[in-house]
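Try each exercise before you read its solution.

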Amino acid sequence: MGEFTIQISNELVDRLVDDAVSKKKTRRTRRKVAKEPKNPQSDLSQKQILDGSGKPEFAAAPGWPLQPSLFLPATLPVQPAHSEIENIQSVLRESEKVVKRLKAQEENMLQEVTQKAKDLRNKEYKLPNPKPEPCMDEKVASLTCYKEHIKDPLKCASFVTNFADCLRRFCVVADK
């Protein structure tokens, strides 16, 4: 960093001293006001006076009612410019478009998920292929014989014995 020096002239010092002395001399004197007895109506007709310390003093002002203080904001509210309103409206429209797109996307995704869930359920919970009944051919043969020989069922005895033997064999194999 560069080095530098500051030179203060006597003239500058004198001016600073004179300013400090003049500030001390400008002290305000306090006004003394005669106090009147307080009554409710005199409170409304009092006038506020500030003394040198910044504290309020109240003095009676005969015939003049006390006016309420009027406080104005430091800056008036500024109405937004027309371009700002248009910008806000355009952002709002874009947001609404995004919401519509998101809703459509949500519906599509819901349909896809529902379809995938159905497919998965069908794959997982599919009923197994039923086992074929044992001795089905012998059973069918004996039934057709009974239908053909309604009056003489003894002619189907050989088909029935074949069916019974098949069932016994199946039961012996199934037990093991």
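This is a predicted model: local features need pLDDT of at least 70, side-chain atom pairs count only at pLDDT 80 or more; totals for chains, interfaces and linings use all residues.

**Exercise 1.** Work out which cysteines form disulfides and what the pairing is in sequence order.

*Solution.* Start with a search of the whole structure, which turns up two disulfides. In one, the sulfur atoms of Cys135 and Cys166 sit 1.7 Å apart. Cys135 is in the loop between H3 and H4 while Cys166 is in helix H5, so this pair ties together parts that are 31 residues apart in sequence. In the other, the sulfurs of Cys145 and Cys156 are 1.8 Å apart. That pair connects helix H4 (Cys145) with the loop between H4 and H5 (Cys156), eleven residues apart. Now number the bonded cysteines along the chain, and you get 1-4, 2-3. Cys171 is in no disulfide: the nearest cysteine sulfur belongs to Cys135, 8.4 Å away.

**Exercise 2.** Decide whether the link of Cys145 and Cys156 is left-handed or right-handed, and whether its two cysteines are buried or exposed.

*Solution.* Check the torsion about the S-S bond: it is about -95°, so the disulfide is left-handed. Next, look at the cover: both Cys145 and Cys156 are buried.

Technical notes: Residues are numbered from 1 along each chain as its sequence is written. Side-chain values use heavy atoms; hydrogens and water are left out. A disulfide is a pair of cysteine sulfur atoms within 2.5 Å. Helices (H or I, at least four residues) and strands (E, at least two) are DSSP runs, numbered from the N terminus. Buried means under 20% relative accessible area, exposed over 50%, partly exposed in between (1.4 Å probe, protein chains only).
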